[in-house]
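Please read this report alongside the model.

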Amino acid sequence: WSHGAMNKPLPGDLMNRKPDLICLGDGDPENWCFVVAGGEGKPGPSNALAALRQLRSTARIIFRTQQNRRFVIGCSIAGDAIELTYNDRSGTFTSGMLKIHDNPEDFVRIVVGLTLVEPRVLGYDTTLSIIEGAGEVTVGGTVYKVRRNIFADSSIEGRGTMCFEVENPEKEGSSYVMKDAWVDVTRNHKEADILKKLNELGVTNIPKVVASEVVQINGQDDS
């Protein structure tokens, strides 16, 4: 954990945010691209709502600057109480304020847990390895090289759409667009399935689907 950005804007994003606390990986620079979790400190419980709003702003920036995040966890301390927050594309959930002196084990579990748990538990999509618009992504068993980030949804709630230009290293000069987005499971027909059907019918001037799949985390469909 570091308070190095408390008095100066953290680099890596156009928004000049100064989070009170940031959790970083061992040896990672103080940059939004590497923030694992954020924290905010307030003098008392009456400021808890302000801390929650700031943590949502932190989560929004992390989603925008880290294209491999499924959700973002953070915590706020207001006086002698701590609150855990969870942000994903459906919104924000909180643990409610926990008195640190009455719940010391929960306090230690939150602080240490955010520092030591596996990346997938912290909200990372392990099929993507992207930093500042470059890296690798695995789709349909093929590892593609990411050339650049084309689009990143800047909101928390929604489909969280990300688009990248990628290439298949085994096919020299190849260029594809990869779209990563949350899907409404209540819909009977998904976008990829519709495009595949139109491809089969020979419809022109639409994207040709090379591969599609549901992201799996720890062997199970992500949801």
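The sections below begin with the basis of the model and then go through these topics.

## Basis

This is a predicted model: local features need pLDDT of at least 70, side-chain atom pairs count only at pLDDT 80 or more, and totals for chains, interfaces and linings use all residues. Residues are numbered from 1 along each chain as its sequence is written, and side-chain values use heavy atoms, with hydrogens and water left out.

## Open sheet

Five strands make an open sheet, ordered E7-E8-E9-E10-E11, with antiparallel pairing. The edges are strand E7 (128–131) and strand E11 (176–180). Each has a single partner strand, so one side of each lacks a neighbour in the sheet. Direction ignored, neighbouring strands are turned by 40° against each other on average. Axes here are lines fitted to C-alpha atoms, for helices over the stretch in contact; angles run from 0 to 180 degrees between N-to-C directions.

Strands (E, at least two residues) and helices (H or I, at least four) are DSSP runs, numbered from the N terminus. Two strands pair if DSSP finds at least two bridges between them. Strand E10 (residues 162–167) and E11 pair in the antiparallel sense over five bridges. Val166 has Tyr176 in E11 as its bridge partner.

## Cysteines

A disulfide is a pair of cysteine sulfur atoms within 2.5 Å. How many disulfides does this rule give? The count is zero.

For Cys75, the closest cysteine sulfur is in Cys23, at 8.8 Å, which is too far for a bond. Cys75 is buried, at 5% relative accessibility. Buried means under 20% relative accessible area, exposed over 50%, partly exposed in between (1.4 Å probe, protein chains only). For Cys163, the closest cysteine sulfur is in Cys33, at 18 Å, again too far for a bond. Cys163 is buried too, at 15%.

## Nonpolar patch

Val108, Val112 and Leu116 form a nonpolar surface patch, with about 280 Å² of accessible area together. Areas come from the Shrake-Rupley method with a 1.4 Å probe; for residues, only the protein chains shown count as cover. Patch residues have over 30% relative accessible area and no salt bridge, and nonpolar side chains are joined within 5 Å. A salt bridge is a Lys or Arg side-chain nitrogen within 4 Å of a carboxyl oxygen of Asp or Glu.

Leu116 lies in helix H2 (residues 104–116). Leu116 is exposed, with a relative accessible area of 65%.

## Positive phi

Most residues other than glycine have a negative phi. Asn205 is not a glycine, yet has a positive phi of about 60°. Asn205 sits in the loop between helix H3 (191–200) and strand E12 (216–217). Asn205 is exposed, at 78% relative accessibility.

Conventions. Patches are made of residues with over 30% relative accessible area and no salt bridge: like charges are joined within 9 Å, nonpolar side chains (Val, Leu, Ile, Met, Phe, Trp, Tyr) within 5 Å.
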